[in-house]
Amino acid sequence: MFDRIVRLSIGNPVFVNLLFIVICVAGFMSAMRLPVEQFPEVSLDQVAVVVRYPGASASDVEELITRPIEEAVEEVEDVKEMTSTSSEGSSRVFLTFLAGTDIDTARSNVEKAVATVEDLPEDAEAPDVVEVRFLLPVVSLGIKGTTSDRKTIERLRDALRDIPGVASVETSGLAERKVFVELLPERMVGLGVAPDDVVAAIRDTHVSLPAGSVETRGTEILVKTEGRIEGAADVAAVLLPGTDGLRVGDVARVEDRPEERVTDFYVDGVPAVKLTVNREDGADPVGIRNEIVERLPEFAAMLPAGLDLVVADDYTRVIRDRLEVVGVNAISGAFLVILVLYVMSGPRQAALAVWGMPVSYLFATWMMGVSGTSLNVVSSFGLLIATGIIVDDAIVVIENVQRLLEEGKDRLTATIEGTKEVLLPVTVAVATTMFAFMPLAMVGGTMGRVMKILPYVVIFCLLGSLLEAIFILPGHIYEYGGVGDEHARPARIARRMQRIYRPIVTWTTRHRKLTVLLALLGFLAALATAATMKRQVGAPGKPFELQIFYELPPGTDKARTRAMGERIIADVAAALPDGAVRTTTLRVGSTMDRRTGRDETGTNVASIRWEFELTDAFLEAYPAMVRSLRTFLATTPEIVSHSVAEAQAGPPAGAGITARIRGRDIRVVNEAVYELENALRKWPGVSDVRNDYGAGRETYRIRVDDDRAARYGLTRGGVARAVRTAIDGTVADEVSLDEDPVEIVVRYAGADRSDARTLRDLLLPRPGGGFVRLDEVARLERTREVGLIRREDGLRTVSVLGEVDGERITSVEAAARIQALWDERFRERFPDLELAFGGEADEFSESLNDLPSAFALAVALIYTALALQFRSYVQPGIIISAVPFGVTGAIFGLFAMGFPLSVFALFGIVALSGICVNDSLVMVDFINKLRDGGMPAAEAAVEGAIMRLRPIVSTTLTTVLGLLPLAVGLGGQDLILAPMAVSIAAGLGVATSLILLVVPALYLVVEDVRGAVRRRFGRT
């Protein structure tokens, strides 16, 4: 088969060139359309059920909404875990499904289950069932200045939404327009009008009811009854039935005005409205951002005088920076690869090997386009890894043909025989490399999902390189290859390398047992070193941004909360050089932490986000500023809770410490949480310790006296609805005013500012007419309601959160210490409680649990491929000995560079297992061929190793030098990808050295054992 393929490539240059052109054109067209992003969009195998219940406390949300939904979805199949959060006005139930579950089918099943819940509160919004995805916004625009002009903002939002690739534009900080009907109790009592009368009158006035059609003189005419409300004046003019011509305006003040905002935004200290631009699946965020920035003057011109439009949050800065780092390092690596090829093989052979690189890359981009893969940090890193690998098979083929040419064979014979001789081991070598990367697609956790496209991209490149080596390269070697001058520089370098190498390999084969023993001891030393190294998930990122969350005592108003934020902003600005702060956004009234998924509302909570300009002066001042900021937040008595979220280089993995305590009795859970928090605050390297239970809000709880209420014809439900109407209000109707949907809200005037006395005096309408004060049928209790209730698989759960200083303690080490502390001090005292971990430690654990099986599968696949080629059970073991050699180099390389054993470093070690066996594979194949020619084993081991010295060194140097710039940060360092690059580069470098020294010796050791077995038991 290989003979026919080689002769086709040599004898049909039209086929070769057309195949080359087709791949390049298809790959180039696909590359131009690939979306650019930081990390790939991945499914988290999660479905969320979200229900809004405005005005309800967390405990009410749990009882009335969360629990019924949990019970309804319990029977949904393939659910791995169910968690829920009940907060003020909102319920969220999260269902995590088993890996591989069709998420669309799962979401449909959840929707069907939720539809069976029939007893949700009337005022609750309809449940929204959505798939949870790892998505990031593109940019946020800030409209600086006080405005309630919804029309202008809507026009701006529509203009942004028309940009190709934009999925939605969210508006924040703009008050909703409403028509408030504020009832005047004294007038209502005097006129005998109840709130429900006003609500019913408004609803009956705004009608549009079709009545069919009538026929008049052969023409059919539709009939409908219509009553429109076109403004506050129309509402005030609504007649109240059963009265002597009274209208709504006689018992209430009617105003068309913006509602008080839940969340206030300030951009650079100025009140602002934020427009957050979200992209469609597969859209290019960098392209969207560039178009928005380019058209910013056009958008700003749409705003009235006094308003400024600025880019408040640019989420693509990290994307652009990281892709630039990878790109610069890729160019540097490619240059080093070409330089090695030029020195080791000569200009023509180097050109032939490099000529195959575009084929591999463009074939990969073609497949990326077909599979829907974007160009992101992970996929571009996959292309970078492949830079040195994709020329390996070309080097082996070219070098073998070159060797035959140097021996004096003509070009046609050398090309055919040289290519045929190595095509099988080259194909198997590519297969083993693919087998090593394939299991990485099985790793779980968010990191595993994000990294899943890495093996696919590398495999696409390898398939392209194999296609080029088999079908295109032989024809190009025959047409454009060198003449094979034995006096040329490559031949002289090869002979010089062989002269140096021959005595060394001769010594190792003579002392083969000692050589193998020393290699084994080195591997054991590497494992011992690994046991002392730190484990971690992510790594610090460049400080493009910083975000903090803080909470003041319950009841603190927005003005004081904002004042605290402004004080913090001023302190940060004073600690940094001029011009370092690009933008500052203060958010008061609600917070949302993307890392932990925790959101909170209240006038006492706020968050601040900074974007910085990365100058040398700023980078020098930044660490001290963050330390000072943490100290201030931790020592200021007014701040009851806080967290500092610094930039991370990897995907969001949660807080550094997330210890979840679960149990049925929330009082016992809280006791354990309190003690664990106090213990963590004393640990060096741990900061921002808090819990997600929340301080809650002060609440007036109304206790209805059923007997007294019954005397007035009232029930508990009737009292509750009447109080709700009086204070929070009842939406009587929704009308369209100036093409905007506007709610008409009926409530008591000034009820939202009521204190205990005015609440007790609240007048409730009696069913038979008349009014009764609230304190005559109920009593008020002032309590504090919990802010957030979390449940996991039906158990109340409170998480203790904290951040870690990776230089002093990692998240994995902190989790281990917490577990030991729990076993020692907590387990016996709290036997009914459970401890589990989330955040970074959970991510590391989930990924780490899958890596051993992935590594084992990779080795098993490699062994199977080698066994089929060599038709032996033993020789594949000799070749796979390169794997522990690679592990040895990877661990010592990481240790020397000061990198921890991160998930990405371990990914690199798994991938290394397939790369490092390629050299030993070709070496053993040549030793076998020499032995088949009659050469003794000892001599064949030495001569086979010497014959393969040049291609082994060349392929190793191309791969190592291709990754070297990223590993050492020549073009800028990426602390997530650098450990993976170090694992592969250092591992392959050491593995190749040991392969050249140990594999020939191990080959002979195996032959010695086999010979001893034959002598002992006779031939079989």
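Trainee: In E18, which residue is the bridge partner of Phe549?

Mentor: This is a predicted model, in which local features need pLDDT of at least 70, side-chain atom pairs count only at pLDDT 80 or more, and totals for chains, interfaces and linings use all residues. Residues are numbered from 1 along each chain as its sequence is written, and side-chain values use heavy atoms, with hydrogens and water left out. Strand E15 (residues 545-551) and E18 run antiparallel and are joined by 6 bridges; strands (E, at least two residues) and helices (H or I, at least four) are DSSP runs numbered from the N terminus, and two strands pair if DSSP finds at least two bridges between them. In E18, the partner of Phe549 is Ser643.

Trainee: How many of the 6 residues of strand E18 are buried?

Mentor: A residue is buried under 20% relative accessible area, exposed over 50%, and partly exposed in between (1.4 Å probe, protein chains only). Strand E18 (residues 641-646) is largely enclosed by the rest of the structure, because the number of its buried residues is 5 of the 6.

Trainee: Is Glu1007, which meets Arg931 in a salt bridge, buried or exposed?

Mentor: A salt bridge is a side-chain nitrogen of Lys or Arg within 4 Å of a carboxyl oxygen of Asp or Glu. The side chains of Arg931 and Glu1007 meet this rule at 3.1 Å, N to O. The pair links distant parts of the chain, 76 residues apart, with Arg931 in helix H32 (residues 917-932) and Glu1007 in helix H35 (residues 977-1017). Arg931 is partly exposed at 31%, whereas Glu1007, with 14% relative accessibility, counts as buried.

Trainee: With which residue does Arg681 form a salt bridge?

Mentor: Arg681 is partly exposed, with a relative accessible area of 47%. The closest N and O atoms are 3.6 Å apart, and the partner is Glu677.

Trainee: Which helix gives the largest share of the nonpolar patch?

Mentor: Patches are made of residues with over 30% relative accessible area and no salt bridge; like charges are joined within 9 Å, and nonpolar side chains (Val, Leu, Ile, Met, Phe, Trp, Tyr) within 5 Å. The nonpolar patch, including Trp507 and Leu524, has about 740 Å² of accessible area together, by the Shrake-Rupley method with a 1.4 Å probe, where for residues only the protein chains shown count as cover. Leu524 is partly exposed, with a relative accessible area of 45%. The largest share, 7 residues, comes from helix H20 (residues 512-532).
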